[in-house]
Amino acid sequence: MSDQEEACLYIVATPIGNLSDMSQRAIEVLQQVDVIAAEDTRHSGFLLQHFAIKTPSISLHDHNEQQRSETLLEKLQQGESIALISDAGTPLISDPGYKLVSLVREHNIRVVPVPGSCAVITALSASGLASDRFSFEGFLPSKQGARQQALQMLVDESRTMIFYDAPRRLKGTLSDMVEVFGDDRPACLARELTKLHETITTQSLRELLEWVSEDSNQLKGECVLLVEGVKQQKDASETEINRVLGLLLKELPVKKAAAITSSLLEVSKNTAYDMALKLQQK
Ligand code: SAM
């Protein structure tokens with residue numbers, strides 16, 4: 001970059017499959033910076049070659065991020081500009097870069113995002129599920145027990161939930177989701193986005209599970225899973241909830257009273273439980 005320009009860290013999104021999604025600005029920034037920090041320099045080498053970008057690159061991945069961030073900070077302080085890229089999509093979104101960005105900002109050096117592809121947003125935009133509010137959950141734990149526990153924590157989530165998953169785990173994930181969210185919960189499997197075999201299918205969780213079990217092609221490639229949030233609770237008034245809880249608490253323990261109130265009045269289990277506890281303490 002020219003000496004007059006302030007050195008800064010660019011966070012540059014790259015395509016998640018289709019190279020035509022690379023923005024003109026991304027190409028220009030990558031050509032102009034002094035160094036490109038890449039998650040995997042060999043992998044990114046193909047992309048850089050495709051766009052005739054000759055800037056030298058160094059690696060920044062999960063295992064060297066702490067130490068590498070300090071080296072990169074020194075370079076920025078010496079006036080060099082740096083671009084961060086990941087293997088695909090937007091850096092920091094289930095990818096390295098968080099330590100670097102926070103360190104650089106702590107030192108009051110400018111961080112400039114160069115937006116572009118991101119699988120979570122790409123999938124959401126075409127899923128047909130509610131997009132006004134959503135919760136990005138990243139990757140679920142790979143062990144089944146921990147995965148079920150993580151899903152259980154989302155049982156009352158009313159926003160669309162979005163998960164990244166590895167194809168080899170997809171069947172297990174879907175079957176855990178059926179168990180926790182139920183057969184009929186609408187969900188979307190977005191596979192191979194922007195690539196030749198792109199498939200975006202919105203069905204119930206049970207139907208998705210059956211589909212991927214019958215067609216092993218659906219277990220290949222990269223995928224995003226989206227699950228509709230739990231239907232908004234009907235607005236039972238606080239007075240009504242307290243009245244029902246009050247009656248039930250005369251005969252039942254808190255947990256049971258809360259569970260029945262939750263089903264009867266369609267309020268969340270947590271809300272009913274908290275209100276039952278308060279009533280009991282009066
Ligand atoms: N930083 C990336 C982004 O902006 O989306 C995500 C990186 S994360 C390590 C990789 C995961 O993203 C994959 O396992 C998959 O869940 C999702 N993903 C990436 N590219 C995808 C694609 N073309 N189609 C579907 N999912 C994709």
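This is a predicted model: local features need pLDDT of at least 70, side-chain atom pairs count only at pLDDT 80 or more; totals for chains, interfaces and linings use all residues.
How many Å separate the centres of domain 1 and domain 3? Taken over C-alpha atoms, the centres of domain 1 and domain 3 are separated by 53 Å. As for where these domains lie, the domain assignment of the chain gives domain 1 as residues 2-117, domain 2 as 120-227 and domain 3 as 238-281.

Let me turn now to the empty space in the structure. Rolling a probe the size of a water molecule over the atoms shows where such space is left. Here, the largest pocket holds about 530 Å³ of space, and 25 residues line that pocket, with Ala88, Ala119, Phe139, Tyr164 and Glu222 lying nearest its centre. The elements that give two or more residues to this lining are β7, which runs over 160-165, and β10, which runs over 223-227. If you ask which domains take part, the lining of the largest pocket draws at least three residues from domain 1 and at least three from domain 2. Sorted by class, that lining has 13 nonpolar, 8 charged and 4 polar residues.

There is also a cavity to consider, and the structure holds 1 of 30 Å³ or more. About 30 Å³ of space lies in the largest cavity, and its lining is made up of Ala13, Thr14, Pro15, Asp21, Met22, Ser23, Pro115, Gly116 and Ser117. By class, these lining residues of the largest cavity comprise 4 nonpolar, 4 polar and 1 charged.

Finally, I would like to look at two pairs of helices, and at how the helices in each pair are set against one another. The crossing in which α6 passes α7 is right-handed.

In the other pair, the axes of helix α9, residues 238-249, and helix α10, residues 254-265, come within 9 Å and cross at roughly 140°. That makes α9 oblique to α10, since an angle has to be over 145 degrees to count as roughly antiparallel. When α9 passes α10, the crossing is right-handed.

Technical notes: Residues are numbered from 1 along each chain as its sequence is written. Side-chain values use heavy atoms; hydrogens and water are left out. On a 1 Å grid over the protein atoms alone, a cavity is a set of points where a 1.4 Å probe fits but cannot get out, and a pocket is an open set with protein on both sides within 12 Å along at least five of seven lines; lining residues have an atom within 4 Å of a point. Grid points are joined across faces, edges and corners, and a volume is the space filled by probe spheres set on the points. Helices (H or I, at least four residues) and strands (E, at least two) are DSSP runs, numbered from the N terminus. Ala, Val, Leu, Ile, Met, Phe, Trp, Tyr, Cys and Pro count as nonpolar, Asp, Glu, Lys and Arg as charged, and the others, Gly among them, as polar. Domain bounds come from an automatic or database domain assignment. A crossing is left-handed if the near helix is turned anticlockwise from the far one by less than a right angle, and right-handed if clockwise. Axes are lines fitted to C-alpha atoms, for helices over the stretch in contact, and angles run from 0 to 180 degrees between N-to-C directions. Angles under 35 degrees count as roughly parallel, over 145 as roughly antiparallel, 65 to 115 as roughly perpendicular and the rest as oblique.
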